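Below are some notes for a colleague who is meeting this structure for the first time. Please read them with the sequence and the model side by side.

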Amino acid sequence: LLSRFWLEQIADDSHEVVQFRITTEDRMNKPGRIEAYPAGINKATTFPGFCQPHDNELFACLEKETFSATQEQLRALTYRSICCEACANHQIVDCQWERADTQMQWALETEQQAPPSFAFHVMGEMNRCIRLFADKSHLETMWRSGRESISGYVVRFTKRPTVLCSTTINPLVSFTGRVLDSRWDWISISIIPSADGGWAVFSWDKSAPKNPSLFVKSFAKIPKHLQTIALLDCVFESTEYFAIAPEWWAKLSLEVQQHLFRRYGYGLKRGVEKAASGALLPSTKPWEDWEPIEAKYV
């Protein structure tokens with residue numbers, strides 16, 4: 001998901017970055033907890049979606065060219081992220097379907113009034129998976145036809161980002177506390193470094209513009225000195241596909257580390273609870289600022 005070259009720019013001398021995971025050791029006697037752990041840059045944020053030749057061909061504009069938010073680069077960022085999300089959701093459904101099917105059969109045989117909640121959760125994940133694959137197919141059609149199908153909003157930073165990410169979400173609340181319509185309007189969010197700072201990139205399909213447009217407009221309304229922490233809160237709450245600079249993580253206060261752990265932990269409830277309207281309201285305490293200097297629609 002993230003170029004090895006990008007990861008090298010935030011990695012430590014051991015060529016490692018920091019990621020989050022849930023501990024599974026001794027779960028019979030200890031509750032699971034979220035922890036930060038070192039991950040090598042050859043493994044961090046990778047997924048087996050493409051063979052090497054196709055990966056090199058499809059994403060050469062990201063790997064071999066300076067990022068400048070061209071239509072080709074926006075399309076490549078969006079496509080790679082959506083493919084990863086679709087792959088991950090497919091694995092979730094594949095692993096959980098047998099258990100859900102057993103519960104549904106039990107509910108029918110015992111004449112339960114409502115199927116078990118777990119079955120509803122798996123059906124929700126299946127629906128999400130189908131929607132992602134449909135969007136992936138739509139992007140491929142647009143790609144083959146040569147049509148410009150992606151809208152984008154980019155923010156350029158003076159400082160190099162200390163957290164990189166690539167994810168695709170279905171935005172249902174805005175940064176100003178507005179609850180958005182329940183629609184399948186995907187938006188991809190990427191944070192990448194550059195030679196003189198870095199970028200935050202929001203990209204979405206032009207054929208599904210409503211929620212992504214409202215989501216981006218709400219971000220643009222945030223005062224510049226608060227945009228970095230708003231972006232970080234969004235990333236940690238909505239995805240696991242991020243990489244953290246080890247030196248930066250080690251210097252964070254325990255209070256901020258716990259704040260990010262909580263954000264990540266709440267995001268794991270996706271599909272179980274509706275996001276609160278104020279979930280993405282930015283804090284008024286700017287504990288991190290990458291100093292945005294330019295923002296524009298592309």
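1. The largest nonpolar core of this predicted model has 76 residues. Those with the most contacts inside this core are Phe20, Phe202, Phe215, Phe219, Leu231, Phe242 and Ile244, and several of these names return in the points that follow.

2. Helix α6, which covers residues 210-220, packs against helix α7, residues 224-238, at an angle of about 140°, and the two axes are 10 Å apart. On the α6 side the contact is made by Phe215, Phe219 and Ala220, which meet Gln227, Ala230, Leu231 and Cys234 of α7. Of the residues in this contact, 6 are nonpolar and 1 is polar, while none is charged.

3. Thr45 sits in the loop between β2 (34-40) and α2 (52-58). Not counting residues up to four places away in sequence, Thr45 touches Leu1, Leu2, Leu7 and Gln19, together with Tyr241 and Phe242. With Leu2 there is also a polar approach, in which a polar atom of the Thr45 side chain lies 3.5 Å from the backbone nitrogen of Leu2.

4. The cysteines should be read with care. How many disulfides does a search of the whole structure find? The search finds 0. For Cys87, the closest cysteine sulfur is that of Cys84, at 6.7 Å, and this is too far for a bond, because a disulfide requires the two sulfur atoms to be within 2.5 Å. Cys87 is partly exposed, with a relative accessible area of 22%, whereas Cys61 counts as buried at 3% relative accessibility.

5. Some overall figures place these details in context. The protein has 9 helices and 8 strands, and buried residues make up 48% of its 298 residues.

How values were computed
Residues numbered from 1 in each chain as written. Predicted model: local features only at pLDDT ≥ 70, side-chain atom pairs only at ≥ 80, totals over all residues. Heavy atoms only, no water. Axes fitted to C-alpha atoms, helices over the stretch in contact; angles between N-to-C directions. Helix = DSSP H or I, 4+ residues; strand = E, 2+ residues; numbered from the N terminus. Contact = heavy atoms within 4.5 Å. Nonpolar A, V, L, I, M, F, W, Y, C, P; charged D, E, K, R; others polar. Polar contact = N/O pair within 3.5 Å; in protein donor to acceptor, adjacent residues only side chain to side chain. Core = buried A, V, L, I, M, F, W, Y, C linked by side-chain atoms within 4.5 Å. Buried < 20%, exposed > 50% of the residue type's maximum accessible area, 1.4 Å probe, protein only.
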